[in-house]
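Student: Could you take me through one part of this model up close? I'd like to look at the place where the two chains meet, and then at what lies around it.

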Amino acid sequence: MLVMFISNIGLQHLYAQDSEKNTVRIKATYVKIMNKEIYFDIRVTSKIGNDNINVPSIELTVYNEFEESEIELGTVTTNMKGEGKFVIKDFNSIKPDSTATFNVLISFKGNDNYKKASKSLSFKDAVIEAKVITEDSINYIMATLKDTSKDSLITEASLTVQVVRLFKPLFIGEEFNVTDENGTIFVPIEEGIPGVDGNLTIEVVLNDSEEYGTVKDVVIAPVGVLIVDESTFDQRKMWSPRNKTPIFLLIFPNAIILGMWSLIIYLSFNLFKISKSKN
Amino acid sequence: MKNYDKLVTDLAPRKFGKRGVTWTIFLVIIIIIGLIAYIDQVIKGQVVTNMRDYALWGIYISNFVFFVATSFVGSVTVAVLRLTNNTWRTPLVRIAEIISLAAISMAGLTIMIDMGRPDRLLNLFIHGRLQSPITWDVIIVPTYIALSFLLLYFPLLPDLAILKDHFKKTKPKLSKWYGKLALNWKGTIEQKAIQGKSIKIIAIMIIPVGILLQTIDAWLFSTTYRVGWDSTNMGAYFISGAFVAGVGALITVVYIIRRVRRLENYITDYHFDKMGKFLVLACLTYLYFNINEYLLPIFTAPVQEDIHLNALVSGEYAPIFWFAQIVGLFLPILILLFKKGRKPLPMFIVGLMVVVGSWWKRYIIVTPTLLHPFLPIEGVPESWHHYFPSIHEWLITAATLAMSLLIITLMVRFLPVIPIQRTADEQELLETNTNTES
């Protein structure tokens with residue numbers, strides 16, 4: 001009922017806009033995860049009154065702008081948070097212009113509530129090649145940033161190095177790890193970082209670059225401290241399920257129950273003996 | 001022989017007078033109203049109660065704890081006094097046994113009422129974990145019911161046989177029933193030996209079982225990490241509290257039965273004086289545990305415990321807290337310390353004060369703690385931070401109290417409230433001693 005009530009309020013809010021359509025704002029980032037996937041991270045919002053609200057369930061069309069023509073790459077629909085992820089299945093299907101820049105248009109054709117809108121995105125293709133090396137018993141993450149169009153190294157770019165954790169990444173190295181003349185950074189990996197099976201998942205990230213977007217390479221390296229699983233799952237503990245009751249709790253209470261009820265049965269039998277007793 | 005006949009006539013159950021019938025009808029009406037409220041609760045669910053996310057245990061659990069505490073009277077007065085050979089117990093034990101059985105039976109029923117879906121009772125056995133004190137409770141309550149029944153029944157056998165003969169001519173149908181229940185009791189040496197041995201076993205057994213019952217009841221709370229419950233004192237605290245509630249209930253019921261059945265020759269001022277001393281001992285012990293329970297946290301209390309204590313001592317629950325402490329504990333101790341306070345009428349008033357105080361004491365053990373959790377519950381209405389029972393809860397609780405009183409009333413109607421055979425034996429022994437001495 002509460003959900004119905006809240007959603008009803010939301011709908012009234014939208015219906016009230018019939019006379020004047022709202023403007024939507026599209027934000028998009030190009031993300032490339034090495035050897036994994038390439039996608040556009042899209043978020044659609046609208047300012048209604050004083051509030052910026054997320055716009056769910058609207059369809060966006062993604063085009064590749066090439067030589068004054070627009071080649072449709074596909075569509076994506078925003079979720080309840082107003083977010084959409086458009087995965088580029090084949091990167092070769094996008095064509096760059098003469099400067100090796102890829103131009104993409106994300107377009108919304110408008111509906112009863114919102115005006116049409118679009119967002120242009122331009123980026124060049126870059127790669128990060130990261131690996132773990134050991135020198136003098138110290139582990140380093142070495143990463144090189146390259147521009148693929150010119151096959152040249154990218155210097156003086158700031159890369160972030162982080163270890164994947166459950167809630168928030170753990171940053172290692174300096175705050176800004178700037179690539180040298182070889183387009184490379186060296187970041188020492190501190191000792192004692194725990195990892196499942198001793199493995200650390202280390203990410204090297206070029207974050208939201210104006211020219212290259214976001215580029216990330218992930219390295220899994222056995223340089224962490226082995227996490228010893230201290231879970232009591234499957235052990236006989238006070239908080240375990242009934243089939244994992246601690247042995248002492250199986251023995252003593254059951255012995256007491258057995259003792260008490262044996263005596264009660266004996267006493268009941270005594271009543272029977274009294275009733276059958278002869279004069 | 002004449003004395004014996006008079007004794008049987010005096011102690012045999014009698015038909016109710018006008019007052020008895022009115023009382024019984026009154027109880028039945030309360031039970032029917034409570035039953036209607038309960039059916040409504042089963043149909044609509046526990047939303048009809050005022051129990052919510054904070055107060056997930058309410059008046060039903062307070063009432064359950066009260067019944068469990070009251071049932072302890074069977075262990076303390078009957079078993080302890082029997083094993084210590086206190087002869088003054090004779091006219092009181094049967095009433096104590098009846099109260100004990102009525103209270104523990106209603107405790108079992110009350111816990112089912114609190115479950116909301118009574119058909120889920122079976123789940124406690126199917127899915128019960130031995131690690132949980134709730135499972136121990138499910139086991140100990142039926143055990144105590146069985147033992148309380150046997151403790152009442154074994155000593156009744158000779159009396160039932162006497163009643164069979166007594167009503168043979170005047171009420172043959174009733175006599176037949178007494179005959180069946182007497183289990184062919186003839187008072188043979190063999191029967192007496194089996195009976196004596198059985199009573200001894202029960203008397204020994206019911207003390208640890210009674211202590212287990214009260215302790216498990218306390219552990220239901222103290223194994224839960226909550227303000228006011230997280231205490232190693234709870235087991236002993238509950239036992240001493242049960243001692244008070246049980247003896248208080250016994251005194252109240254004994255006074256009423258003595259007056260209604262005109263048993264002044266059998267239950268004398270001497271017995272009241274003894275029960276008074278017994279109760280004051282219980283109250284002093286309970287006072288000691290109360291000081292432990294409330295004084296020490298004042299010195300060591302973290303913030304949450306401090307909030308809880310303030311709510312009890314000077315906040316929302318102060319009236320109930322001080323009522324339970326003063327009316328249910330301090331004043332009874334003061335009155336009972338004087339010989340005049342241990343006369344029947346003052347004792348009856350003290351008994352009532354103790355019983356009412358005990359009931360409210362359980363209320364403040366259960367409810368305020370639940371309203372002060374260590375971590376607040378997010379997103380609940382402000383009203384859920386407070387608890388006062390709904391009309392359904394009051395009606396159903398009143399019905400369970402009425403039901404326990406009805407059980408006692410019906411047993412008083414159909415059973416000899418003072419053991420006939422034992423009283424006769426004691427009088428005979430007394431006369432023999434007197435003759436020998438003269």
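Tutor: Let's start with a word we'll need: two residues are in contact if their C-beta atoms, placed from the backbone, lie within 7 Å. Keep in mind that this is a predicted model. By that rule, 19 residues of chain A are in contact with 26 residues of chain B. On the chain A side that touches chain B, you'll find 12 nonpolar residues, 5 polar ones and 2 charged ones.

Now for a sheet in chain A. It's an open one with 4 strands, in the order S5-S4-S7-S8, and the pairing is antiparallel. Strands S5 (69–77) and S8 (117–123) of chain A stand at the edges; each has a single partner strand, so one side of each is left without a neighbour in the sheet. On average, neighbouring strands here are turned by 25° against each other, if you ignore direction. Zoom in on S4 of chain A, residues 59–66: this strand pairs with S5(A) in the antiparallel sense over 8 bridges. For one of the residues, Tyr63(A), the bridge partner in S5(A) is Glu72(A).

Next, the nonpolar cores. The largest has 124 residues, and those with the most contacts inside it are Ile95(B), Ile99(B), Val247(B) and Leu250(B). Take Leu250(B): leaving aside neighbours within four places in sequence, its contacts include Val73(B), Leu92(B), Ile95(B), Ile99(B) and Met275(B). Apart from that core lies another, of 42 residues, and among them are Val104(A), Phe123(A), Ile141(A) and Ile189(A).

Terms used. Residues numbered from 1 in each chain as written. Chains lettered and ligands numbered in written order. Predicted model: local features only at pLDDT ≥ 70, side-chain atom pairs only at ≥ 80, totals over all residues. Nonpolar A, V, L, I, M, F, W, Y, C, P; charged D, E, K, R; others polar. Pairing = 2+ DSSP bridges. Helix = DSSP H or I, 4+ residues; strand = E, 2+ residues; numbered from the N terminus. Axes fitted to C-alpha atoms, helices over the stretch in contact; angles between N-to-C directions. Core = buried A, V, L, I, M, F, W, Y, C linked by C-beta atoms within 7 Å. Buried ≥ 20, exposed ≤ 12 C-beta atoms within 10 Å, placed from the backbone.
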